[in-house]
Each structure stands twice: as C-alpha cells, then as structure tokens.
Amino acid sequence: MGALPVFRWHLAPDGYATRRQLRAQGLRPGGQDVAAQLERPRRRRGPLVAYLYRVDLAVPVRPMTPARRAALAKANAARRLCPACRRDAGYVIPASLGTCVPCAYPGPNGPVGSTCEQC
C-alpha cells in the first residue's frame with residue numbers, strides 16, 4: 001500500500017468522512033482501510049491527525065438487537081453502582097474517585113445520603 005493522501009484541516013474533498021461523520025450519517029467504515037488523513041498543524045508539537053474513510057464504501061450501522069440493548073443497559077448500570085455502599089449513585093462514578101461522592105467525601109457525621117457503614 002502506498003502513502004496516504006494528506007489534506008489540510010477543513011480541506012478534504014467530498015466523498016471522505018471521519019468515523020464520527022460516518023456515524024452521524026448512519027454508516028460505519030465496514031472493514032475498509034483508511035483512505036486519507038487530515039492534518040491540523042500545531043505549534044511546538046506534531047500535527048493533529050484525523051483518519052478519513054470513503055463514504056461510497058461505507059456500510060450501514062448494524063441495528064441494535066434486544067440482547068445488545070440489554071447488555072449495554074447492564075454495563076451502564078454497573079458503572080453507576082458504588083462499590084462501597086452498593087447503591088445506584090444516579091450517575092456514572094468517576095474512576096478518579098472509585099466510589100460515589102458521599103462515600104469519597106464523607107461529612108463530619110458520615111457520608112450524607114449514603115448507607116456506607118465503612119466510611
């Protein structure tokens with residue numbers, strides 16, 4: 001395979017799209033190789049690079065099946081469960097904390113709004 005065509009930022013010809021642009025159109029690359037790349041120059045560092053795919057070779061996104069929807073819901077629910085107090089935090093628990101906010105920063109009388117016995 002030869003060298004990829006390189007385009008400057010915002011100057012790619014029609015018919016090329018990034019993964020996000022394909023997704024917005026309901027498409028995916030579908031196994032095709034990268035067709036070109038965009039480069040955005042930066043000071044003091046190497047350029048930002050975005051890979052482009054041909055739109056005419058893209059295929060439709062696979063439909064969401066009930067099993068995939070259930071697996072995704074289960075994975076997202078696990079990200080909301082606090083390992084310390086075992087409650088649904090109502091938000092995705094930050095990896096930097098590792099627990100829900102009341103367990104990570106307990107008040108003087110223990111974690112407010114939390115059932116955490118260890119805090």
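So, Thr 99: this one sits in the loop between helix 2 (66–80) and helix 3 (101–104), where helices are DSSP runs of H or I of at least four residues, strands are E runs of at least two, and both are numbered from the N terminus. Keep in mind this is a predicted model, with local features needing pLDDT of at least 70, side-chain atom pairs counting only at pLDDT 80 or more, and totals for chains, interfaces and linings using all residues. Residues are numbered from 1 along each chain as its sequence is written, and side-chain values use heavy atoms, with hydrogens and water left out.

Okay, is Thr 99 buried or exposed? Buried, with a relative accessible area of 17%; buried means under 20%, exposed over 50%, partly exposed in between, with a 1.4 Å probe and protein chains only. A polar atom of its side chain lies 3.4 Å from the backbone nitrogen of Ala 104. Leaving aside neighbours within four places in sequence, Thr 99 is in contact (heavy atoms within 4.5 Å) with residues including Cys 82, Ile 93 and Ala 104.

Strand 4 (residues 36–40) pairs antiparallel with strand 5 over five bridges; pairing takes at least two DSSP bridges. There, Gln 37 has Tyr 51 of strand 5 as its bridge partner.

How values were computed: A polar contact is a pair of N or O atoms within 3.5 Å; within protein, one must be able to donate a hydrogen and the other to accept it, and residues adjacent in sequence count only if both atoms are side-chain atoms.
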